[in-house]
Amino acid sequence: MQRTPHIIRRSSGRICSAVLWLSFTLLIVSSGCVRRRMMVRTSPPGATVSVDNQVIGVSPAATPFVYYGTREFRIEADGYQTETIRRKFKPPWYQWPCVDFFAETLWPGELRDERIIDVTLVPKTTVSQEEVLARAESLRGQSSAGLVTAPRQ
């Protein structure tokens with residue numbers, strides 16, 4: 001029966017522990033992450049953009065986000081109608097429960113989830129003074145006759 005020298009057994013144990021330590025270090029350093037970002041672009045650019053009542057900037061404006069779900073976007077610009085848009089962001093497959101653990105901790109790289117909302121702004125229409133006066137006269141006549149009209153939508 002031949003015996004392995006004591007020195008060889010000790011050095012192979014050191015090599016094994018060094019390999020394990022290096023593998024663990026690489027796993028931690030190369031852990032994955034998911035970057036989520038939403039961007040609002042308007043035509044014409046330069047509108048103030050708010051997401052969930054928080055101003056994020058002037059279009060084109062972008063901001064990171066953490067949670068999926070319904071978001072409310074408000075776009076305001078001088079001379080244009082204010083737009084309010086509600087969008088539901090559904091999570092991609094790598095953000096499903098249980099799968100997200102591997103995507104955010106073990107995936108060897110970066111995953112990007114970028115949502116883009118394009119909005120075309122509509123110019124404000126101004127009503128002439130004659131139209132306003134004609135509508136007022138019509139309402140005055142209806143009220144004196146006892147007619148009740150539903151409010152304009």
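Strands themselves are DSSP runs of E, at least two residues, and helices are runs of H or I, at least four residues, all numbered from the N terminus. Keep in mind that this is a predicted model, where local features need pLDDT of at least 70, side-chain atom pairs count only at pLDDT 80 or more, and totals for chains, interfaces and linings use all residues. Residues are numbered from 1 along each chain as its sequence is written, and side-chain values use heavy atoms, with hydrogens and water left out.

So, the sheet. Three strands make up an open sheet, ordered S4-S1-S7, with mixed pairing. S4 (61-64) and S7 (110-120) are the edge strands, each with a single partner, so one side of each has no neighbour in the sheet. On average, neighbouring strands here are turned by 20 degrees against each other, direction ignored; the axes behind that are lines fitted to C-alpha atoms, for helices over the stretch in contact, and angles run from 0 to 180 degrees between N-to-C directions.

Now look at S1, residues 33-43. With S4, S1 pairs antiparallel over four bridges, and there Met39 has Ala62 as its bridge partner. With S7, S1 runs parallel, joined by 11 bridges. Over on that side, Arg41 sits opposite Asp118 in S7.

Okay, rings. Phe, Tyr and Trp rings (for Trp, the six-membered one) pair if their centres lie within 6.5 Å; planes under 30 degrees apart are stacked, over 60 edge-to-face, and the rest tilted. How many aromatic pairs does that rule give? Three. Take Phe65 and Phe89: they form a tilted pair, 5.6 Å centre to centre, with 40 degrees between the planes. This pair links distant parts of the chain, with Phe65 in the loop between S4 and S5 (69-76) and Phe89 in S6 (residues 83-89), 24 residues apart.

Are Phe65 and Phe89 buried or exposed? Both are buried, meaning under 20% relative accessible area, where exposed is over 50% and partly exposed is in between (1.4 Å probe, protein chains only).

Phe89 also pairs with Phe73: the centres are 6.2 Å apart and the planes at 55 degrees, so that pair is tilted. Phe73 lies in S5, 16 residues from Phe89 in S6, and both are buried. Put together, ring pairs link Phe65, Tyr68, Phe73 and Phe89 into a cluster.

Technical notes
Pairing = 2+ DSSP bridges.
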